[in-house]
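Let's take a walk through this model together. Keep the sequence and the 3D view open as you read.

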Amino acid sequence: MTINKPSRFTFKIIFKRTTIITIILTTLIYSVKLYISLPSQNIIVNLNDIHKNITFTKDEVYFLNGTAYDFYSIDELYNHSEANIQWKTFPLPDEHLPPNIHPWIPRNHPINKLISISSISTSQQTNTGLAFVDHIYITSAPDLKDRQANIERMFSRYQITNFEWRMQWARNTCNLHENKEELYRKINLKPTPIRNEKKKRQCAITMEHVDIWHDIVARNFSLSLILEDDAVFVPFFQEKFNRTIYTAIRTGALKIGELATCIKDKPSLSRNSNEWFEQDPLIFIGTCMGFIDSNFARNRRNAQPILTTHKETANRCSHAYLLTACSAQALIRQIFVRKNTFLQSDLLLQALVAASPTLQSFWLDPPLVYQGNRIKDLDGIPSFRRTTYNN
């Protein structure tokens with residue numbers, strides 16, 4: 001019997017088919033692996049017996065039992081002892097870190113500029129319950145009792161004290177003739193009347209912030225937290241806040257106590273400056289309207305916390321930020337550089353920081369504070385359903 005040997009052409013066909021099949025299988029396997037390894041962009045959780053099968057995405061925030069749960073704190077829903085492990089990269093003094101955790105530092109940060117937080121004097125601690133914060137201001141209006149009660153229950157949870165309600169200004173007082181001189185002087189307004197109804201409502205909240213800046217300077221507070229009454233906190237707010245402050249000090253962004261110096265006599269910062277050290281800091285611990293730094297891994301639930309500079313685009317709304325006495329002085333100083341048109345408080349902050357020769361804006365991601373009227377409020381705070389602007 002004669003056995004025909006396969007021709008060289010037949011071998012080529014078999015080889016090509018095998019190669020094609022191999023490529024297809026390899027591509028399918030790689031695609032499956034890639035799909036599995038991609039970070040989840042949504043997750044379904046049960047918040048409690050009533051609120052079940054809730055879909056979380058990176059853009060969703062749910063407020064329940066006085067806590068704002070975002071995409072980055074879902075796992076803390078079932079962990080009542082400490083913040084997620086990624087927050088250990090913002091270490092506390094003398095904290096023992098797991099072998100795979102290392103203190104975070106900004107990109108291209110000079111090692112010789114790092115400050116040992118273990119050497120910071122404990123005498124610089126304050127009685128607010130928040131690391132190095134001398135005083136806490138909260139803007140509100142007399143009729144917003146539900147918001148005030150909500151803030152106080154959140155503070156009570158963390159034993160946060162030494163806070164002050166600021167509600168001197170309202171729409172009617174802002175527009176009184178006897179207050180006109182003070183209003184135009186403190187904001188250094190152009191001599192044109194505020195006729196727009198929306199701006200008349202916004203006037204009260206802007207004036208509360210400006211008054212707070214003056215008060216910080218007058219009382220020489222080392223570090224102050226400014227909140228608006230719709231602020232809501234993520235889980236383990238106090239621990240994450242303290243970790244953030246120590247990280248800002250360790251990396252040189254924030255100078256406290258003996259290290260504190262105002263930068264008014266130093267060279268001016270450009271509008272796009274990323275200056276980390278020689279600046280007067282304004283630190284936003286809240287966010288709004290989806291403002292997140294592009295370097296933050298926002299699709300990952302276990303994303304590494306980061307601080308970033310935003311000199312020209314400072315604005316992350318004015319519901320939660322930190323000022324030093326130097327920073328407050330720099331804001332006031334910038335107000336009087338030229339006559340201003342009226343701006344709502346968050347836009348005023350952005351304009352002043354961008355134009356200031358010394359101010360630098362820092363963003364914290366993930367944020368610690370959201371706005372109650374911009375999230376899904378399952379606690380049912382009545383006035384969270386509307387924008388008030390201190391009507």
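**Disulfides, sheets and what packs on them**

Cys 326 is buried, with a relative accessible area of 13%; buried means under 20% relative accessible area, exposed means over 50% and partly exposed is in between, using a 1.4 Å probe and protein chains only. Before going on, a word on ground rules: this is a predicted model, where local features need pLDDT of at least 70 and side-chain atom pairs count only at pLDDT 80 or more, while totals for chains, interfaces and linings use all residues. Residues are numbered from 1 along each chain as its sequence is written, and side-chain values use heavy atoms, with hydrogens and water left out.

Back to Cys 326. It forms a disulfide with Cys 262, the sulfur atoms being 2.0 Å apart; a disulfide here is a pair of cysteine sulfur atoms within 2.5 Å. Cys 262 sits in the loop between helix 6 (237-250) and strand 9 (280-284) while Cys 326 belongs to helix 7 (residues 325-335), so the bond ties together parts that are 64 residues apart in sequence. Helices (H or I, at least four residues) and strands (E, at least two) are DSSP runs, numbered from the N terminus. The Cys 262 end counts as partly exposed, at 40% relative accessibility. The angle about the S-S bond is -80°, which makes this link left-handed.

How many disulfides does the structure hold? There are three. Another one joins Cys 174 and Cys 203, with sulfur atoms 1.9 Å apart. This pair links distant parts of the chain, with Cys 174 in helix 3 (residues 171-174) and Cys 203 in helix 5 (residues 197-219), 29 residues apart. Both Cys 174 and Cys 203 are buried, and their link is left-handed, with -70° about the S-S bond.

Then there is the pair Cys 288 and Cys 317, with sulfur atoms 1.9 Å apart. Here the link is right-handed, with 85° about the S-S bond. Cys 288 is in the loop between strand 9 and strand 10 (306-309), and Cys 317 is in the loop between strand 10 and strand 11 (320-323), so the pair ties together parts that are 29 residues apart in sequence. Cys 288 is buried at a relative accessible area of 3%, and Cys 317 counts as buried at 3% relative accessibility. If you number the bonded cysteines of the protein in sequence order, the pairing reads 1-2, 3-6, 4-5.

Is it covered or open? Strand 5 is mostly covered, with five of its five residues buried. In a regular strand the side chains alternate between the two faces of the sheet. In strand 5, His 135, Tyr 137 and Thr 139 point one way, Ile 136 and Ile 138 point the other way, and all are buried. Five bridges join strand 5 to strand 7 in parallel, with Thr 139 opposite Glu 228 of strand 7. Four bridges join strand 5 to strand 6, again running parallel, and there the bridge partner of Thr 139 is Arg 166. The chain gets from strand 5 to strand 6 through helix 2 (residues 145-158), and this β-α-β crossover is right-handed: with the strands pointing away from the viewer, the path from the first strand over the helix to the second runs clockwise.Further along the sheet, strand 9 and strand 12 (residues 359-365) run parallel, joined by five bridges, and Ile 283 stands opposite Phe 362 in strand 12.

Conventions:
Pairing = 2+ DSSP bridges.
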